[in-house]
Amino acid sequence: MAVPEPAGEDIGRAGAQAYAAEWAAALRRLGFVPLSAAETERLLLAHTARLARAVRAEPFDAQPGEDVGGALVGAHLAEPRMLEWSVRALGEDFLGRVLPAGTCPPDAARRISALQGGLAAGFARALRDRTFSQQERIARSAWQARDEAEQALRDSEARFRAVFTGAAIGIGIAGADGRIIDVNQSFAEMLGYSAKELRRVDVASLFHADDAAGMGELYQELVEGKQDSARVERRYQRKDGTSLWTDLAVSLIRYDDGRPRFTVSMIEDITERYALQQRLRFQASHDPLTGLPNRTLFFETLGRILDGAGPDRRVAVCFLDLDGFKAINDGLGHDLGDRLLVMIARRLAGCVADHGHLVARMGGDEFVILLDGGDGLDGAVAVAKAALAAVSAPARVGDQQLAVSASVGIVEGPARENTASELMKAADTTLYWAKAQGRGRWAVHDPERSARDLARSALAAGLPAALDRDEFVLRYQPIVSLLDGRMLAVEALVRWQHPTLGLLGPDRFIGLAEETGLIVRLGEWVLRQSCRDAEGWRQRFPEARVVVSVNLAARQADDPAIVDTVSDALAVSGLPAELLQLELTESAVMGTAGEPLRSLRRLSGLGVRLAIDDFGTGYSNLAYLRRLPIHCLKLAGPFVEGIRGDGPDAAADHRDERIVDALVRLAHALELWVTAEAVETGEQAERLRALRCDTGQGRYFGAPMPADAIADRLAGTARGSE
C-alpha cells in the first residue's frame with residue numbers, strides 16, 4: 001500500500017502530528033488495525049496533511065476527502081465507528097490544530113463540511129466496491145469449485161469405469177435386495193456366465209451349497225448395516241456346476257442418510273492357490289512315507305478332544321512299536337524297511353477304519369491309535385489286539401517273507417483328567433512295560449506302577465548331584481566272633497540321606513547306581529570313607545585291630561584301575577592293608593567265562609583281605625574257588641534264616657542246618673574264614689557256634705550304626721578289658 005507524503009512546512013507540523021496520533025489511537029480503540037502503531041500514525045499523518053492542503057487549495061475541490069475515505073477502506077480501516085470518528089474529528093477543531101493561524105480561507109467551514117461529505121462518500125464507495133469485489137470473487141470461486149467437482153466426478157466415473165471394465169479381479173454390484181446390478185467381464189468369466197445373464201440373477205444363487213448359509217448371514221449383516229465390509233475365502237458355484245474358491249471382499253455403500261444402498265463385491269480366483277495350500281497343509285500334517293497323519297496332526301486332534309471334553313467323555317491311546325525293526329533295517333536295508341512300514345501302516349488303518357479311530361505315525365517304527373469315546377478299557381484292549389493281529393500277519397516284501405510283531409502300550413481314562421503330554425508319556429512308559437514282557441505283547445497303564453517308576457527315575461537322576469553334595473553316609477554293622485563275642489570287623493553299608501525322602505537304604509539306589517554307572521564313583525567314595533573311619537578307630541584303639549569290610553560291585557571289580565584306587569585309599573588314609581576286606585559276589589569273582597578276575601591276585605598282593613559275599617547263591621564253582629586268593633566266605637542269609645529251631649518247619653530247618661554245616665566244613669577245608677549273615681536270634685547264634693562257624697553278622701549282634709557308635713562300642717570293650 002502506498003503511503004502519502006508527510007506534512008510539509010505549509011501546515012502546522014506539530015499540530016498535524018498530534019492530530020494524527022490522536023486519530024490513530026482512536027482507530028485502534030474502535031476496531032482491528034492490521035498495521036503497527038507507528039505505521040498507522042505515519043499513514044494518518046499523510047492523510048491529515050492532504051486534508052489540510054485541500055482546505056487551503058484554490059480553487060477548492062472536495063475530491064481529496066473522497067480519496068482519504070477510500071484510502072481508509074484500502075488500508076482495512078473499515079469499521080463504521082472509525083468513519084464516524086474520522087468525520088466528527090474533521091469538523092471539530094481540525095483547522096485550529098493543523099493549519100497555522102491566519103492561513104484559513106474565509107469559507108473554511110464550508111470547505112470542511114464538503115471534505116466531511118467527501119470522506120464519507122469515498123469511504124462508502126470504497127466499501128461498496130470492496131464488497132462487490134469480494135462477492136464476485138466468491139461467486140467465481142463457487143463456479144470454479146462446481147466446475148472442478150463436476151470434472152472430478154467425471155474423472156472419478158471414468159477411472160471407476162476403466163477399473164471396473166479392465167480389472168483382472170471380478171467386480172460385482174448388487175442392490176440391498178440381493179439383485180445384481182452390474183458385473184465386469186472378469187466376474188462373468190470366472191463364473192462362466194455372460195454379464196447380461198448375471199444381471200438377471202440373485203447373489204444368493206451363486207453361492208456354493210456348502211457355504212450358502214454362512215454367505216447368506218454375511219450379506220444379511222451387510223444390508224442391515226451391522227458392518228460395512230467383510231473379507232472371507234468362500235466358494236462360488238460356476239454355471240457348469242463346478243466350484244470356484246475365491247478371496248471375497250464385500251463393501252457396503254450407503255445413502256447420505258446412512259441407509260444401505262448397494263454392495264460392491266470384489267472376488268479373486270484362488271482355486272489353484274487353495275489347492276496348493278491344501279496340499280501343503282496335508283504334507284505338514286501327514287507322514288510322507290505312509291500317508292498317515294503325523295505326530296503334529298495327532299497332537300492337534302488329541303488336544304482338541306481334551307479341550308472340548310465333557311465330564312463323561314473318555315479317551316484311549318494305543319502306542320505301538322514294531323519289535324526288532326532295527327534288525328530288519330540293518331540286515332535287509334532301509335528301502336525294504338520303508339516298504340514294510342507302508343504295509344504295516346495300511347494294515348493298521350484298515351483294522352480300525354470301520355470304527356473311525358485315528359491312526360498316526362509318530363516316527364520311525366512307532367504308531368499310535370487314538371480312540372475318542374470308545375468302549376472304555378475293554379474297547380481299547382480289543383483295538384490293541386486287532387492291531388497286533390494285523391501286524392503279525394505274514395508279510396511279504398519283495399522277495400522277502402518277514403515275520404513281524406509289535407508291542408502296544410494302552411492308556412485309557414477320563415478325557416478331562418489328562419493332558420496330551422501326560423497321556424503320551426504314560427503310553428510310552430506302558431509300551432516299554434509290554435516290550436519287557438517279550439514280543440507281540442500289550443500292557444495296560446498302571447498309575448501306581450508308573451508312580452514307582454517315576455520315583456525310581458527321579459532317584460536315578462538325582463544320584464550324581466547327591467554324590468556331589470555329600471548326601472551319602474555310612475553305617476557299620478558289627479561282625480562278631482562266635483567263640484568269644486568280640487567285635488572283629490564291621491561291614492560298611494552306604495545310606496542316602498535324601499533331602500526330602502529321608503534316610504534311604506541301599507535297596508532303593510544301589511541298583512540304580514549300577515545301571516547308570518555311578519556305582520564306580522559311589523563305591524570309591526565308600527572305600528575311601530571307610531578307610532578313613534577305620535584308621536580313626538585304629539588310632540584310638542590300636543589293640544582292637546578291627547577290620548572294615550567294603551562291598552565291591554561287579555563293575556568296580558572289573559574296572560582296570562581298581563587296584564590303584566584301593567592302594568591310593570590305603571595310602572591316603574594310613575590304614576594297614578590287612579585291616580581292609582573287600583567283599584565280592586560269586587558272579588563278580590568268577591566272571592562271565594568262569595575265570596577269576598585278574599585283579600584279585602594283585603589286590604591280595606597288597607595285603608587286602610578278600611571275601612565272597614552271599615556264598616551259595618551264585619556259581620559255587622569249587623574248582624575255581626580253591627585257586628582264588630580268598631580269605632573269607634560269607635554264607636548267604638537265606639541259609640542262616642532257615643535255622644529257626646524246632647517248629648512247624650523243623651524238617652526244612654534241619655536241611656538248612658546241614659547245608660550250613662557242609663559249607664562251613666568246605667570253607668575250613670579250604671582254610672577260609674566263615675561269616676554267617678542275617679543272624680537274628682540267640683538260638684541261631686548258638687547253633688552256628690555249634691557248627692564251628694567263625695563269625696556272625698546280623699541284628700542280634702547289632703544294627704548298622706554310625707562310625708561314632710562303633711567307636712563308643714570299642715571304647716566300652718576297652719574299659720571292660722581293664
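This is a tour of the structure above, stop by stop, with what to select and what is there.

The model is predicted: local features need pLDDT of at least 70, side-chain atom pairs count only at pLDDT 80 or more, and totals for chains, interfaces and linings use all residues. Residues are numbered from 1 along each chain as its sequence is written, and side-chain values use heavy atoms, with hydrogens and water left out.

**Stop 1**

Select residues 13-30 and 37-56, which are helices α1 and α2. Helices (H or I, at least four residues) and strands (E, at least two) are DSSP runs, numbered from the N terminus. α1 and α2 pack at an angle of about 125°, with their axes 8 Å apart. Axes are lines fitted to C-alpha atoms, for helices over the stretch in contact, and angles run from 0 to 180 degrees between N-to-C directions. The two helices are therefore oblique to each other; angles under 35 degrees count as roughly parallel, over 145 as roughly antiparallel, 65 to 115 as roughly perpendicular and the rest as oblique. α1 passes α2 in a right-handed crossing (left-handed if the near helix is turned anticlockwise from the far one by less than a right angle, right-handed if clockwise).

Show side chains where the helices meet: on the α1 side the residues include Y19, W23 and L27, and on the α2 side they include L44, L45 and H47.

Next, select E58 and P59. The peptide bond between them is cis, with omega near -10°. P59 sits in the loop between α2 and α3 (63-74).

**Stop 1: the antiparallel sheet**

Colour the strands of the open sheet with the order β2-β1-β5-β4-β3, in which the pairing is antiparallel. Two strands pair if DSSP finds at least two bridges between them. At the edges are β2 (180-183) and β3 (229-237), each pairing on one side only. Neighbouring strands here are turned by 25° against each other on average, direction ignored.

Start with β1 (residues 170-175), which 3 bridges join to β2. A174 has I180 in β2 as its bridge partner.

Helix α10 (residues 271-285) lies across β3, β4 and β5, at about 120° to β4.

Go on to β3 and β4, which run antiparallel and are joined by 9 bridges. Opposite E233 is D247 in β4. The hairpin of these two strands has 5 residues between the strands, and G241 takes a positive phi near 95° there.

**Stop 2**

V317 stands opposite L370 in β8.

Then select α11 (residues 295-307) and α15 (residues 420-436), whose axes come within 9 Å and cross at roughly 120°. That angle makes α11 oblique to α15. F298, F299, L302 and L306 in α11 meet A420, L423 and M424 in α15.

**Stop 4**

Select E471, in the loop between α16 (447-468) and β13 (472-481). Is E471 buried or exposed? E471 is buried, with a relative accessible area of 11% (buried means under 20% relative accessible area, exposed over 50%, partly exposed in between, with a 1.4 Å probe and protein chains only).

The E471 side chain makes a polar contact with the side chain of W496 (2.9 Å). A polar contact is a pair of N or O atoms within 3.5 Å; within protein, one must be able to donate a hydrogen and the other to accept it, and residues adjacent in sequence count only if both atoms are side-chain atoms. Leaving aside neighbours within four places in sequence, E471 is in contact (heavy atoms within 4.5 Å) with A466, R495, W496, Q497 and P499.

R545 lies in the loop between α18 (519-540) and β16 (547-551). R545 has a positive phi of about 55° although it is not a glycine, and is partly exposed at 38% relative accessible area.

Finish at E671, in the loop between α25 (650-669) and β20 (673-676). E671 has a positive phi, near 60°, and is a residue other than glycine. With 75% relative accessibility, E671 counts as exposed.
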